[in-house]
Amino acid sequence: MGAGEEVSSSSSGNQNGSHSDITNVILNVYDLTPINNYSYWVGFGIFHSGIEVHGKEYGFGAHDFPISGVFEVEPKSCPGFIYRCSILLGCINMPFSEFRALIESVASEYHGDTYHLIAKNCNHFTEDIVHRLTGKHIPGWVNRLARIGSLCSCLLPESLQVTTVKQLPEYHEMEDGAETLSTASPGSSTEIDDTDPEKQLLSPKDGNSDISFIKEAQMCECKVP
């Protein structure tokens, strides 16, 4: 179904060990709702996706602040979603340091408060990264709902047109260019609607999983003498 090929866990990550220059580019796809078990087979569903490179998975999610919404998790383990499959989209020769610089640069274009279910969601982010790395595209079925919604967004309820997480993230020390984020458990927040999967973005199910937000690259201000 679509471009790329599904991969097993044995073929994911780096090809030649940790932080090798050569690495697979893998799209990890998650279900947002059990209804996907039925709609998936006709090329339709509500999905979250993350891009796995150099042994880590990167995604984009919503929060209420004008800072990076790009985060890092262990592959196939994004909290709040149900892992479905992995799709190999290519192989690149790029040092980890160069890839990390790319992600930090792109993070400035994906602030958490700019997340939009139809116009700028997690699948738009993975499409962007995959295209920059390989020149390819993610399979069309992954983000088909957003493309259909963009044609008739005026008919969608406001709650679906703009959706952000209502939990306040707590930032801790920065390590290796990433800010570690812990969210309050779902039970401790009165603003979370557990029946709406989109509002569970970046909200660990058990309240004990950490997500590392990528700190966006700082722009240098050059003074002309």
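**Reading a helix pair**

Modeller: In this predicted model, F99, L102, I103 and V106 of helix α2 meet F125, D128, I129, R132 and L133 of helix α3, where contact means heavy atoms within 4.5 Å. By class, this contact has 7 nonpolar, no polar and 2 charged residues (Ala, Val, Leu, Ile, Met, Phe, Trp, Tyr, Cys and Pro count as nonpolar, Asp, Glu, Lys and Arg as charged, and the others, Gly among them, as polar).

Colleague: At what angle do α2 and α3 pack?

Modeller: Axes are lines fitted to C-alpha atoms, for helices over the stretch in contact, and angles run from 0 to 180 degrees between N-to-C directions. Here α2 (residues 96–107) and α3 (residues 122–134) pack at about 140 degrees, with axes 12 Å apart. Under 35 degrees counts as roughly parallel, over 145 as roughly antiparallel, 65 to 115 as roughly perpendicular and the rest as oblique; α2 and α3 are therefore oblique to each other.

Colleague: How many helices and strands are in the protein chain?

Modeller: Helices (H or I, at least four residues) and strands (E, at least two) are DSSP runs, numbered from the N terminus. The protein chain has 5 helices and 9 strands.

Colleague: What share of the protein chain counts as buried?

Modeller: Buried means under 20% relative accessible area, with a 1.4 Å probe and protein chains only. Of 225 residues, 48% count as buried. Among contacts with a separation of 6 or more, residues 24 or more positions apart account for 70%.

Colleague: How are residues numbered?

Modeller: Numbering runs from 1 along each chain as its sequence is written. Side-chain values use heavy atoms, leaving out hydrogens and water.

Key:
Predicted model: local features only at pLDDT ≥ 70, side-chain atom pairs only at ≥ 80, totals over all residues. Buried < 20%, exposed > 50% of the residue type's maximum accessible area, 1.4 Å probe, protein only.
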